[in-house]
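Student: I'd like a close look at just one part of this model. Could you walk me through a helix pair?

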Amino acid sequence: AFNALFLSFHAAQHFGYGFRLHHLVDWACLLNREGFCMPQGGTDKRFLNFVCAMTHLCNELLGTKVQVNGGEDFVEALYEQMMHSPYSERIPVKGQMAVVWYKLKRMLYSHKKLNMVFDIPLQKRILHSICFHLKKSGR
């Protein structure tokens, strides 16, 4: 159960920007090896919905055959984000204000997506981002 929780949590952290096919392939490999084995009672409904959606996508796209209930309403959003994410780590604009504006829009987009999976206040995400940038600039 630890591997399933770790792998699914890692993939969920990438939802919003950065969720890619390799996250789905990793999940499919785990499903084929261990089956669907999430810990009972310890997972949030939204997180479990994300995990079920990943499992549905693995069944549809990668040939796994795992019975799962739930997540159907999340499958399309997950697939769309995986295939056509409007934001990436690469910043396609120049100039300090344009970069700040781009990063703000990316953060709001990713926060909206991540809120589908986790309950993380926007203020906490902003503070985390500021701390990350301060640490990065201090290198």
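Student: Is the crossing of α1 and α2 left-handed or right-handed?

Tutor: Keep in mind that this is a predicted model. The crossing of α1 and α2 is left-handed. Here's how the pair sits: α1 covers residues 2-13, α2 covers residues 21-34, and the two pack at an angle of about 165 degrees with their axes 10 Å apart. Since angles over 145 degrees count as roughly antiparallel, that angle makes α1 roughly antiparallel to α2.

Now for the residues that do the touching. On the α1 side you'll find N3, A4, L7, S8, H10 and A11, and they meet H23, D26, W27, L30, R33 and E34 of α2. Sort that contact by class and you get five nonpolar, four polar and three charged residues.

How far can you trust this bit? Confidence is on α2's side: its mean pLDDT of 95 is the highest among the elements of the chain, while helix α6 (residues 122-137) has the lowest, at 83. Over the whole chain the average pLDDT is 88, and 96% of the residues score at least 70.

S110 has 0% relative accessibility, so it counts as buried. Leaving out residues up to four places away in sequence, S110 touches G16, Y17 and R125.

Note on methods
Residues numbered from 1 in each chain as written. Predicted model: local features only at pLDDT ≥ 70, side-chain atom pairs only at ≥ 80, totals over all residues. Heavy atoms only, no water. Axes fitted to C-alpha atoms, helices over the stretch in contact; angles between N-to-C directions. Helix = DSSP H or I, 4+ residues; strand = E, 2+ residues; numbered from the N terminus. Parallel < 35°, antiparallel > 145°, perpendicular 65-115°, else oblique. Left-handed = near helix turned anticlockwise from the far one by under 90°. Contact = heavy atoms within 4.5 Å. Nonpolar A, V, L, I, M, F, W, Y, C, P; charged D, E, K, R; others polar. pLDDT = per-residue confidence, 0-100. Buried < 20%, exposed > 50% of the residue type's maximum accessible area, 1.4 Å probe, protein only.
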